[in-house]
Each structure stands twice: as structure tokens, then as C-alpha cells.
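Thanks for making the time this morning.

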There are 2 protein chains.
Amino acid sequence: MTADVTAPAAAGRRGRGSSARRELRQHVKLKQLPAILRRIPLMEVLDEEGLQIVEHNAETILEEIGIEFRDDEEALGLLKGEGCDVKGTRVHFPRGLARKLCSTAPRSFVQHARNPERTLTIGGNNIVFAPVYGPPFIRTIDEPRRYATIEDFRNFSKLAYMTPAIHHNGGTLCEPVDLPVNKRHLDMLYAHIKYSDKAFMGSVTHPERAADSVSMVRILFGEDFVANNTVLLSLINANSPMVFDGTMLGALKVYAKAGQANLITPFILAGAMSPCTVAGTLAQVLAEVLAGTSLAQLCRPGAPVVFGVFASSMSMQSGAPTFGTPEPTLVIFAAAQLARRLGLPFRSGGSLCGSKIPDAQAAYESAQTLLPTVLAGTNFVLHGAGWLEGGLASGYEKFVMDTDQLGMMQVLAGGVDLSENGQAMAAIREVGPGAHYLGCGHTQANFETAFYRSSIADNNSVEQWEAEGAQDATQRANKLWKKMLAEYEAPAIDPGIDEALNEFMAKKKASMPDAFA
Amino acid sequence: MTADVTAPAAAGRRGRGSSARRELRQHVKLKQLPAILRRIPLMEVLDEEGLQIVEHNAETILEEIGIEFRDDEEALGLLKGEGCDVKGTRVHFPRGLARKLCSTAPRSFVQHARNPERTLTIGGNNIVFAPVYGPPFIRTIDEPRRYATIEDFRNFSKLAYMTPAIHHNGGTLCEPVDLPVNKRHLDMLYAHIKYSDKAFMGSVTHPERAADSVSMVRILFGEDFVANNTVLLSLINANSPMVFDGTMLGALKVYAKAGQANLITPFILAGAMSPCTVAGTLAQVLAEVLAGTSLAQLCRPGAPVVFGVFASSMSMQSGAPTFGTPEPTLVIFAAAQLARRLGLPFRSGGSLCGSKIPDAQAAYESAQTLLPTVLAGTNFVLHGAGWLEGGLASGYEKFVMDTDQLGMMQVLAGGVDLSENGQAMAAIREVGPGAHYLGCGHTQANFETAFYRSSIADNNSVEQWEAEGAQDATQRANKLWKKMLAEYEAPAIDPGIDEALNEFMAKKKASMPDAFA
């Protein structure tokens with residue numbers, strides 16, 4: 001999976017002392033799982049006829065209804081130049097054009113991490129897990145829900161770094177609202193770089209902040225390396241239905257032109273932002289992704305794009321988004337099929353839930369999202385851990401509870417071991433009828449790795465569990481994340497690069513007044 | 001699905017008054033979902049080569065190692081008569097013989113309920129949900145864990161009857177330890193018959209109790225009807241590895257000879273009762289099911305059999321069974337494939353968990369068992385609702401939480417609606433870019449049925465949720481099951497049949513002293 005990885009040049013770009021090299025050597029090697037290489041078949045829900053219906057309808061949307069590209073003359077000009085019919089900000093794509101334009105996007109691509117061992121391939125049979133993205137609030141069982149701070153952001157970066165089943169550090173782990181809105185992206189990016197060595201995402205809240213993200217990865221990886229490699233993967237939401245706004249288009253263009261990857265993701269609350277049916281939602285989603293990907297390819301043919309969909313259904317009682325329900329599950333399965341036919345890596349799912357707290361509702365909903373995500377063959381899984389309250393809160397307990405599930409998915413996706421050891425016929429012969437396998441040689445030899453070991457589940461007797469305080473899963477999770485943060489050790493970073501990053505941020509922060517809205 | 005259903009003759013067998021008929025007419029019709037007709041493809045994890053390896057290994061187990069049939073001369077004689085090599089209680093099947101003997105078992109069969117609308121087809125693309133089976137303890141959030149009573153059993157029978165997504169009333173909903181062990185089966189069966197009108201399971205704790213079960217359904221359905229139709233489905237566990245004991249064999253024979261259905265289920269704690277690998281477990285399971293099914297077919301060719309597997313993995317810390325982990329999930333997917341190739345309906349899965357309480361652990365584990373169960377195409381799902389603590393406790397809150405998940409599975413398995421209404425192109429055209437779908441005609445027309453409505457999830461704002469007491473899912477579930485029991489109304493039953501059942505039970509109880517062990 002990492003055979004096509006080029007080592008970043010930056011490590012040798014600046015003079016670094018022997019102390020830094022020694023620090024790197026001495027650093028305790030954390031356990032880390034590679035990205036999942038899926039060995040089980042795909043779960044699919046649409047047959048050829050169904051796929052063709054949805055694809056036909058998407059082309060109809062692109063041709064007849066059109067997609068709005070707002071506040072971006074350059075985008076309109078590029079699309080008009082390819083033969084789109086542009087009326088004001090409405091772009092109508094002749095049938096088949098968008099799919100043709102998308103064909104230059106790679107089927108898979110490599111996203112480099114500053115630690116080459118954490119570099120990832122996005123696409124193919126790979127599945128990559130990243131944490132929750134976006135919540136302004138924090139939920140722990142220790143205190144009432146509160147606004148997130150940069151300290152929380154750093155904590156989640158540390159937890160992501162330490163978690164073997166998290167492959168990618170993600171992006172907006174929470175929204176640090178204690179920092180100015182026009183500057184916080186710098187501290188957020190720095191927290192990913194400093195406290196982890198995994199790949200991460202760029203800022204999309206303003207084109208200039210996207211440009212800052214590119215500037216910082218140029219410092220980290222070297223300009224030449226970034227010019228020729230993908231080191232950022234950023235989240236471009238469509239304003240569904242059928243609109244891309246100027247902010248998102250601006251960020252998309254910055255990243256595409258820099259050869260960096262865009263996750264083009266219609267953000268769907270079905271019944272509000274798309275029709276209240278699965279097939280209708282799928283057609284609209286496909287049209288939106290085709291349109292956004294077309295623009296990325298016009299900015300730079302070959303710029304990596306991931307086909308994203310964030311699917312929720314609507315509570316008919318409250319109008320709120322609901323998760324873990326069957327309709328979004330069908331959207332995930334089917335959208336993954338559409339992405340594969342389009343030849344793009346796919347992003348969806350995660351550990352989504354509507355529950356305010358990490359209770360049974362949260363767990364049912366998260367599991368009912370995560371397992372379909374994996375069985376659908378999703379390549380990039382944002383919100384893999386920590387999501388609560390429909391994305392309004394990042395939860396510490398939820399984070400470590402979810403990562404336990406991510407670890408299980410890694411085993412499940414590996415499929416059935418059919419080796420001689422896996423077949424275990426010698427054990428069956430040795431033990432025979434009426435005996436037990438506990439002490440047999442095969443069980444002893446496979447004891448350590450035979451079964452997934454949960455970090456959260458309590459499987460002791462009820463008596464022992466009561467003697468230990470009759471704790472629920474959330475209480476055990478509370479202890480676990482605190483233990484992890486207490487044991488955290490930062491990965492080494494080249495002091496020259498660290499200094500240059502801080503210089504860049506200080507200069508940038510000094511160049512403008514703080515803004516909080 | 002019910003096209004091949006014959007109405008039971010019993011309703012007219014005894015004289016019944018006009019009052020009984022009026023009672024039936026006036027009875028409020030409960031909402032009830034039909035058995036799931038799966039319209040989505042199957043999730044499979046073994047390819048042809050993998051399936052052949054497992055099938056070959058199963059034949060090797062049958063031939064070389066053999067299966068123990070203990071305390072049952074009749075079984076040994078029947079198997080010897082077909083060409084098995086019998087040494088003591090060990091039966092060696094010539095390669096291919098067991099599979100040939102199994103070929104007379106039907107690919108699917110109809111299990112009749114006393115309410116013909118609740119009659120079910122077991123097999124094919126159908127999925128049937130039944131409640132938890134077996135726990136001696138009761139768990140609610142109102143009190144400490146305690147032993148189950150017949151009152152609990154009746155309550156779960158009522159809840160099963162009232163739950164639309166429960167299609168089958170199950171069997172040992174809990175073990176009523178307040179009643180004598182040698183008589184409680186009578187009250188348990190009666191509670192299924194009296195408090196519900198759905199199909200149910202027979203007793204297997206003693207061959208005589210199996211015979212009592214058949215006697216009671218003869219009273220309920222009429223002797224002629226039972227002679228020619230299946231009205232009982234009973235759980236025959238193999239004593240894995242590779243043993244059937246005299247109790248289970250006795251019950252199996254009673255049911256098979258009466259044309260009633262047996263669920264032949266190796267009860268597997270992998271690492272103890274089977275090898276600690278998936279492929280090894282599968283081969284042993286297949287061998288055990290082949291052996292048990294062969295005997296059922298020798299008792300009565302064509303007697304319905306369901307290929308069952310109960311799969312758990314072992315906690316390497318405590319030795320306890322663990323659930324919702326990836327290894328049992330792989331067993332479910334693969335065993336369903338083996339059952340289809342053998343031409344038998346398949347039983348596995350459910351809402352299994354190791355957690356003592358209905359917390360996030362319970363929910364993660366249950367969802368991670370239930371969804372694979374459905375995607376595997378499992379035909380009969382025991383333990384669909386209410387299971388806690390590795391099967392030691394039936395939980396009231398867990399029951400209603402799980403049934404909410406069962407309802408979701410019903411929608412999911414229905415697949416994507418590709419009708420014109422499902423495609424929703426008119427809505428997409430009507431709404432257009434940048435608007436929303438909330439008020440459009442299509443949303444209004446589909447509002448009621450568009451999305452699954454959870455009975456447990458809270459999707460209100462955090463402010464409203466806090467104002468309502470900041471309850472977790474378990475607290476809401478506690479209210480729900482109490483409300484259901486408070487609103488319960490018994491289905492009508494023919495007074496003559498009811499009287500005959502009570503006469504039978506009274507006579508049976510008077511015939512022997514109480515036993516409590």
C-alpha cells in the first residue's frame with residue numbers, strides 16, 4: 001500500500017542537529033495499524049438498472065436544472081469554456097460533459113504524512129479512518145456541555161495520534177471558539193502538525209485560509225515536495241441543493257491548483273436539502289459531486305478528488321437530522337457504488353449519531369452508521385470517532401468508545417483466514433468430541449491474536465463488575481481518555497521546521513486584527 | 001408469502017359461542033409488520049474456494065473424527081442403518097452421506113400461528129425476528145438484577161405480541177425459576193398461546209416436555225392440522241464440540257417425528273467449544289449441523305430443520321463470551337452461505353451483547369450483531385430483542401430498545417425504492433438550486449412514511465432535551481415498556497380451547513411432584 005510513497009524531502013531541507021535525530025530515534029514507537037486493506041466483498045444495494053436510473057437522473061439535473069456556482073467568475077468562465085451553458089450563476093452541463101471532465105481525476109492517490117510510515121493511499125480497496133470534524137461544543141461526563149477551545153483541539157489531536165485504528169488526523173476536530181475566527185485555522189493546523197505525525201486536512205473557511213494551509217505544508221514538507229505530492233485533503237461541502245458558494249469554490253480552487261485533494265461532499269439532510277427519498281437524494285448528490293469535481297479538474301487536471309456524501313434523514317417530529325436510521329444507510333451503500341463507477345475514491349459515514357450523550361442511542365446509531373460505511377467499501381471515513389449531537393459536540397468518551405469500534409472494523413474487513421492455521425483441523429483432531437479447546441496447542445499458539453480485544457467492553461462476571469463499581473461503558477471510557485492524555489508523548493519534529501511554522505503564524509496573526517464573527 | 005398458508009381447522013373444531021366470535025371481531029387490530037422480505041443483496045465473505053475448503057473440512061470431521069450421539073440407541077441404530085460407522089456412541093459418516101441425508105429437508109417451510117395473519121415462512125428471502133431466549137435473570141433499571149418469574153415471562157410474551165417488528169413470539173423469553181423445573185414448560189407454552197397470537201417454540205429440556213408441547217399445540221390447532229403442518233419450531237443445541245446429548249436428541253426426535261421444526265444449533269464459544277479461528281469454527285459447525293439434520297431426516301424425511309449457529313468469541317482476559325466483535329460477525333456471514341448451499345433455512349445472530357446493563361456497550365455490540373445478521377440473509381433471528389449479559393439476563397429496557405432497531409432493519413432490508421415517486425425528479429425540478437424541500441408537494445405527500453421513526457431516539461434540541469430531564473435512551477425505554485404493558489390487551493382465544501389447555505396442564509401437573517433441580 002505504501003510502495004508508491006515518496007519520502008518527503010523536507011527532513012533534509014533545513015539544517016537539523018544531531019539532537020533532533022537522536023530524539024527521533026529514541027522516541028517510543030507507538031502501535032499503529034496500517035490503513036485497512038479490505039479483503040471482504042462489497043455490500044451493494046443497487047443493481048445495474050438502478051445505477052443507470054440514478055446516473056440518468058443526475059445527468060438530467062445537470063442539464064435541465066443546472067448547478068449554481070456563486071460569487072466565482074473564474075469558475076463560471078472555466079465551465080463556459082468547456083461548453084457549459086451558463087446563465088447568470090447557473091451552469092447547465094450538456095449530458096455526459098461532467099462525467100467526461102471528471103475522468104482526469106485519479107482513481108486513488110497518496111496523501112503524505114510527515115511520518116512516512118503514516119502516509120496513506122486514498123482509494124481502491126483501502127479504508128482510512130479519521131476523527132470527528134466540525135463541532136463547536138465539547139461533551140464529557142465530567143461537566144455540562146461547553147464550547148470547545150484550542151486546548152480541546154490539541155487534546156483530540158493527541159488522542160488521534162495515539163490511537164492505532166485512527167489512520168488520519170482529520171481536520172476540525174472541534175471548533176476552538178476561544179480563538180479569533182480569522183486566525184484559529186493557523187493554530188488548528190499547527191496542532192495537527194505538532195501533536196501528531198499523521199496526515200491531516202486544510203482549512204476551508206476562507207480561500208485565504210486555504211492558502212495559509214498550503215503555505216504551512218510547504219514549510220513542513222518543502223515546496224518542491226508539495227508541488228508534486230498531495231499532503232492535504234480538505235472538505236468542500238456543496239450547499240445542497242445544487243449550489244456551491246464562493247467560500248467553498250475559493251478553497252476548492254486553491255487546493256486543486258496546488259495539486260491538493262478535495263473531498264467534494266453534498267451535506268444532506270434528506271427532506272430539507274434533498275428529496276425525502278433515497279433514489280432522489282442519490283441523483284442530486286451525484287449531480288453535485290460531478291459538478292464540483294469538474295471544476296477541480298478544470299483548475300488542474302489530475303487534482304485528487306474524493307466523492308463525498310454526508311447523509312442524514314430528518315426527524316419528522318423535530319426537523320432535526322437523524323442518524324443510524326435505514327435511509328442514510330441505503331444512501332451510503334448506493335453512493336459508494338456510484339463513486340466506484342465514476343472512478344473516484346469515496347467518503348461517507350463514520351460514527352454518526354443524534355444523541356446528545358454517549359449513551360445507548362449514540363452507540364446504536366454510530367454502529368449502524370459505521371458498519372455500513374465499512375461494508376460499502378468507503379475509502380475515507382471522516383467522523384470515525386467522537387461525534388455527538390448531530391455534529392454539534394465532540395465527545396471525549398465517545399471518541400475512545402468509537403475508536404474501539406474502528407479497531408473491530410479493521411479485523412472484520414480482513415475477512416476469513418483460510419490458511420492451514422486458520423482452518424485449524426489439527427486442533428479439531430486433537431480435541432475431539434466432548435472436550436474443550438482452551439488448553440490445546442492451537443489455542444495456546446493463537447491466544448494473543450485470536451480475538452479482537454475491546455478497550456471498552458466489560459466481559460467480567462456480574463459479581464466482579466459490581467465489585468468494581470458497576471460502571472457503564474461511558475465511565476470506563478472516561479478513565480481511558482484521561483489515561484491516554486496523561487501518557488501522551490509528542491512525536492519529534494525538526495526544530496527548524498517548528499520554528500519556521502511559528503514564524504509564519506506569528507507574522508500572519510500580526511497582519512490583521514482579531515475577528516470573532 | 002402467506003399464499004401457501006392453510007387456515008388452522010381448530011377454530012371450528014370445538015363448539016364456540018357467538019360471544020367468542022364477537023370478541024374476536026371487536027378486538028382492536030394491532031399494528032404488525034409482516035416478516036421481512038429481503039430485497040437487498042446478500043453480504044458474503046467466503047468465495048467458492050473458501051466455501052469448498054470449509055465443506056471439505058466438515059466432511060473430514062464427520063468421516064474421521066465422527067460425532068457423538070449420546071444416550072440414544074435409536075439414533076445410533078438409524079444412523080448405522082444408513083451406512084454410518086458406529087463405534088460406541090461415536091458415529092462416523094462416510095464422506096457425502098450426511099449431505100445426502102439432509103437433502104430431504106425443505107428449503108423453506110411455513111410455521112403456523114394461531115392467528116393466520118401471523119403465520120410465517122421460514123427460509124428463502126424471508127427474515128423473521130423473535131425475542132431473547134433462555135436467561136434466568138431479569139434486568140431493569142428499577143431494581144437490582146434478580147431471578148426471572150413466570151410474571152416476567154408473561155410480560156415479555158405481551159411485549160412480543162405488541163411489537164410490530166417482532167414476527168415470532170420465541171420460546172424461553174426468560175426462565176421462570178419460581179415454577180417447578182418439571183412443570184414450568186406448561187405455563188411457558190400457555191403464556192405464548194394466551195398472551196400472544198404469534199408463532200412460538202416448544203420445550204426442549206426433556207423429551208417428555210417436548211411431547212407435552214406437541215400435545216398442547218394439538219389442542220390449540222387440532223390434531224389433524226398438526227399432523228400435516230408445522231406449528232412448533234424448537235431449539236436443539238449441539239453440545240459442541242461434536243456431541244449431541246440424550247436430552248436434545250430426545251426432543252429432536254419428538255419434534256421431527258411430529259413433523260415439527262428443529263433449529264439445530266451448535267452453541268459456540270470459540271476458543272472453548274470450537275477452534276479459536278473462524279474457518280475452524282465454521283467447519284465444526286457445519287459438521288454438527290449436518291449430523292443433527294441427518295438424524296431429523298431419518299426420523300421423518302421432510303421434517304423442517306433450520307441450520308443454526310450461535311457464535312461468540314472468548315474474552316482472553318476473563319474467558320467469558322464476547323459479542324459484537326468481528327470474529328462472530330464473520331462466522332454469521334459465512335455460515336449463512338454454508339446453509340444456503342446446503343439448502344436449509346438459516347438461524348443466527350440477534351441483538352447479542354456481553355454488557356450487564358443496557359448501556360453503550362450493549363448497544364454497540366447488539367447493533368454489530370444485528371446488522372450483519374440481516375445483511376447475511378438470516379431467516380430466523382432468535383435473541384432479536386432483550387438479550388443482556390451474554391444471555392444471563394432478559395432486559396425490559398433492552399427489549400424495547402432492540403425492537404426499535406428491528407424496525408429499522410425492516411426498512412433497510414426493503415432496499416431502494418426506484419419508483420417514479422422514489423426517484424423524486426419532480427421534486428428536484430420543483431425546488432431547484434438553493435431552495436429547500438420541506439414544503440414541496442413531494443415531501444408533503446411522503447411526510448408520514450419517508451423516514452423511519454425511532455421509538456427510542458431523542459432528536460430534539462439539547463435545550464428541549466434538558467428541559468425534559470436530560471434522559472438517556474435507557475430512561476426513555478423504561479417509560480416505553482411500562483406504557484406498553486399498561487395498554488396491553490390480550491388477543492381473543494376460543495374459550496373451549498383455553499379450557500382444554502388448562503385441563504391438560506392441570507392433569508399433567510397433578511401427575512408428578514414438583515421438582516426444582
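Please keep in mind throughout that this is a predicted model. Let me begin with the relation between the two chains: chain A is superposed on chain B by a rotation of 180° with 0.0 Å of shift along its axis, and the RMSD is 0.0 Å. That is the relation of a two-fold axis. If you want to find this axis on the screen, look for Ala360(A), which of the residues of chain A comes closest to the rotation axis, with its C-alpha at 2.1 Å.

Now to the place where the chains meet. On one side 100 residues of chain A are in contact with 101 residues of chain B on the other. Which element of chain A gives the most to this side? The answer is helix α12, residues 360-375, with nine residues. Sorted by class, the side of chain A that touches chain B has 57 nonpolar, 30 polar and 13 charged residues. Because 100% of the interface residues of chain A are also interface residues in chain B, the copies meet through the same surface.

Let me move to helix α2 of chain B, residues 48-65. At 1.5 Å a residue, its 18 residues should span 26 Å, and the end C-alpha atoms are 25 Å apart, which agrees. Among the buried residues of α2(B) are Val54(B), Asn57(B), Glu59(B) and Ile65(B). What do the buried residues of this helix pack against? In chain A they pack against α14 and α15, and in chain B against β2, α4, α10 and α11. After α2(B) comes Gly66(B), whose phi is positive, near 85°.

The contact is made by Leu186(A), Tyr190(A) and Ile193(A) from α6(A), and by Leu501(A), Met505(A), Lys508(A) and Lys509(A) from α19(A). By class, this contact has five nonpolar, no polar and two charged residues.

Is Ser108(A) buried, partly exposed or exposed? Ser108(A) has 17 C-beta neighbours inside 10 Å, so it counts as partly exposed. Leaving out residues up to four places away in sequence, Ser108(A) touches Thr121(A), Ile122(A), Gly123(A), Gly124(A) and Pro345(A).

Methods: Residues are numbered from 1 along each chain as its sequence is written. Chains are lettered from A and ligands numbered from 1 in the order in which they are written. This is a predicted model: local features need pLDDT of at least 70, side-chain atom pairs count only at pLDDT 80 or more; totals for chains, interfaces and linings use all residues. Copies are superposed by least squares on the C-alpha atoms of residues with pLDDT of at least 70 in both. Two residues are in contact if their C-beta atoms, placed from the backbone, lie within 7 Å. Helices (H or I, at least four residues) and strands (E, at least two) are DSSP runs, numbered from the N terminus. Ala, Val, Leu, Ile, Met, Phe, Trp, Tyr, Cys and Pro count as nonpolar, Asp, Glu, Lys and Arg as charged, and the others, Gly among them, as polar. The expected span of a helix is 1.5 Å times one less than its number of residues. A residue is buried if 20 or more other C-beta atoms lie within 10 Å of its own, exposed if 12 or fewer, and partly exposed in between; C-beta atoms are placed from the backbone.
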